[in-house]
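Trainee: Hi, could you walk me through this one? I'm new to it.
Mentor: Happy to, let's open it up.

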Protein chains: 2
Amino acid sequence: MDDSPPRADAPADDRNGRRIVPGTASRADRPADRPAARTGRRYGNRPTMKDVAARAGVGLKTVSRVVNGEPGVTPDTERRVQEAIQALGFRRNDSARVLRKGRTASIGLILEDLADPFYGPLSRAVEEVARAHGALLINGSSAEDPAREQELALALCARRVDGLVVIPAGDDHRYLEPEIRAGVAMVFVDRPAGRIDADVVLSDNFGGARDGVAHLIAHGHRRIGFIGDMPRIHTAAERLRGYRAAMEDAGIPVAEKWISLGATDPERVRRAAEEMLSGPEPVTAVFTGNNRVTVTVIRVLSRHPRPVALVGFDDIELADLLQPGVTVVAQDAAALGRTAAERLFLQLDGDGAQVPPERIELPTRLVMRGSGELPPVQ
Amino acid sequence: MDDSPPRADAPADDRNGRRIVPGTASRADRPADRPAARTGRRYGNRPTMKDVAARAGVGLKTVSRVVNGEPGVTPDTERRVQEAIQALGFRRNDSARVLRKGRTASIGLILEDLADPFYGPLSRAVEEVARAHGALLINGSSAEDPAREQELALALCARRVDGLVVIPAGDDHRYLEPEIRAGVAMVFVDRPAGRIDADVVLSDNFGGARDGVAHLIAHGHRRIGFIGDMPRIHTAAERLRGYRAAMEDAGIPVAEKWISLGATDPERVRRAAEEMLSGPEPVTAVFTGNNRVTVTVIRVLSRHPRPVALVGFDDIELADLLQPGVTVVAQDAAALGRTAAERLFLQLDGDGAQVPPERIELPTRLVMRGSGELPPVQ
DNA sequence: CTGAAAGCGCTTACAG
DNA sequence: CTGAAAGCGCTTACAG
């Protein structure tokens, strides 16, 4: 932020091109208690049930009954309490309620990056299920950093979320064992938990990749490249395994220079793609390991002299409108999120822990749009 | 979820194609207290500071000092407390802490739809700022429903979030006045608050749309269509105003059949586009009011016999790789989120409420890629 | 350096 | 139908 935003009467543009217009209310228009409120102590002197009780001339418990819609209050008493609530602007403090009740009606979701288009629909699906169960959703991005994942997960446990949906960045989740034992529901999505036994919801990464690569082989390709994410990431490893299986099924020996695993930043991926597309025996087709890789490889191929076939893992928007359309192995991100969240509430609702951990695998779908059906061009 | 998941030893596919494999741990392997833990009462018998104190043979306050890293504890006492913490698997209950301290170190973000690619980067930016201030982020989607926005906002206030970043669905936010007065920080993003005076961070919707339409006019178009969102949405109204201003600046009278406002579902947008592209005097260019509209119109135009120029509000992924590339008025979603969140913490940190509401407007950027530079074809 | 008491704002368990 | 007391798990304010 700027240290000294413009305060002139006429709107002025600051050096970032932002236009800043002072609000229409002067400080004098504000309620006198605002400054005190803003100091942040005691929620800014918010009225409590005790205040409501005093004003309505009833006991604390009666206010609690009215606020929670419990029976056993005469209409007249109820009216008086409601009036006091209105007059004071009372809103129940759910953090106090939570302390007493033991359940917070909130769940956490830890994912890699909220800005990744794959996680938007997943996150929304988790939110919808949470909403249906009356729970709020706390979101956190691990940025693919195991330390940050752990920090976030434990912070959410300290807030006493009822459950946690985790897309793991790390590969050792023993640090969560005490939390699970203490009753925090836990479901892992997209990748399995490391070194603990817990519910996990996955796409069929192996099968999807194998089918995608087999599709390229069926269209005559033999020199097929694979560009994927860091091998320590489960999905990346599984998809590579699918690639190798398809090649082996077809009796095609794999040259290791056709394979590139690593960070998915555009620069690294571009170099990897250009490398396997050059030399005396370039690949005639590429299988890309996720949406970010696919997007970069599309850019590289669009500038490439020869047509090169492409199948990508994950669907991408507008894939059908490119020339050629992009053939993909699509996974259903929303279904992953929904299934995981439902599983979480199954754990939470089944009082008695009748829910042994399961591994649920969702199918992928090969969507043919053109790029995966191109014949090999030497 | 299934009522009766398969329990066979071999993996089986259920009718949705999901493969379910029972976990490797049998119930007997679980700690004996697990069933009780899962009933959800009392956070599953979690150890408290009192338990730690008893085990370490110290007072409650000493445990509190160690847990919070406060000074005034001998190394030996500290060690004994740490051992008890480890042995018991103690984790401080932040909801109790919050009740005493008055600040929850959490903020809320209410947006339209987490699954919309525009909100992913915005949400992530808010999260990063929150993280830098040690706060967690609670996310909620209003689904463009004012009632749901209000329900969410008030639920978050009941949880006593320290502040709220709101992308408004409704146009009357007086219901938030008591909360603001009680000290909840509040910033509106993307659209202004309705009927209350509050901080707001916007893109220059009017100027961006005007520039985009002027760009089409500069390339020779006179019959230019506008397809936008529902007119009650501020951004839609502003962008339409920009369209009209550009047309008026160029002395071009606007035929009302060139304008279509409404829901942004593909079906409605497709019909609107096809309508203005047909008849004796069809439009030769279209300005689309947001990313969802743009995507649908691209599909319509790709099947259209004549080339039609297109400029869209909001950038979209792969826009540069389409034929032609899609010219857009880009706004910086991450900057909107970051600016709003920084503003929120400015309110929170300025103890004394020295922060009068402001309206901050971020510039847009015209990105030329081909579709907006097509000449008119009658 | 250490800890007992009071209190944050609710709900629970109980008594009238 | 109504309410006083105790307690959820911490922190605050204070006394030793």
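**Protein and DNA contacts**

Mentor: Let's begin with Arg100(A): one of its polar side-chain atoms lies 3.0 Å from a base nitrogen of DNA strand D. That is a polar contact, a pair of N or O atoms within 3.5 Å. This is a predicted model, where local features need pLDDT of at least 70, side-chain atom pairs count only at pLDDT 80 or more, and totals for chains, interfaces and linings use all residues. Residues are numbered from 1 along each chain as written, chains are lettered from A and ligands numbered from 1 in the order written, and side-chain values use heavy atoms, leaving out hydrogens and water.

Trainee: What does Arg100(A) come close to in DNA strand C?
Mentor: A base oxygen of DNA strand C, which is 3.1 Å from an N or O atom in the Arg100(A) side chain.

Trainee: And which part of DNA strand D does the Thr62(A) side chain contact?
Mentor: A phosphate oxygen, 2.5 Å from an N or O atom of that Thr62(A) side chain.

Trainee: How many residues surround DNA strand D?
Mentor: There are 25, counting a residue as near if one of its heavy atoms lies within 4 Å of the strand.

Trainee: Which helix gives the most to that surface near DNA strand D?
Mentor: H6(B), with five residues; helices here are DSSP runs (H or I, at least four residues), numbered from the N terminus.

Trainee: Back to DNA strand C, which helix gives the most there?
Mentor: H6(A), also with five residues.

Note on methods:
Polar contact = N/O pair within 3.5 Å; in protein donor to acceptor, adjacent residues only side chain to side chain. Helix = DSSP H or I, 4+ residues; strand = E, 2+ residues; numbered from the N terminus.
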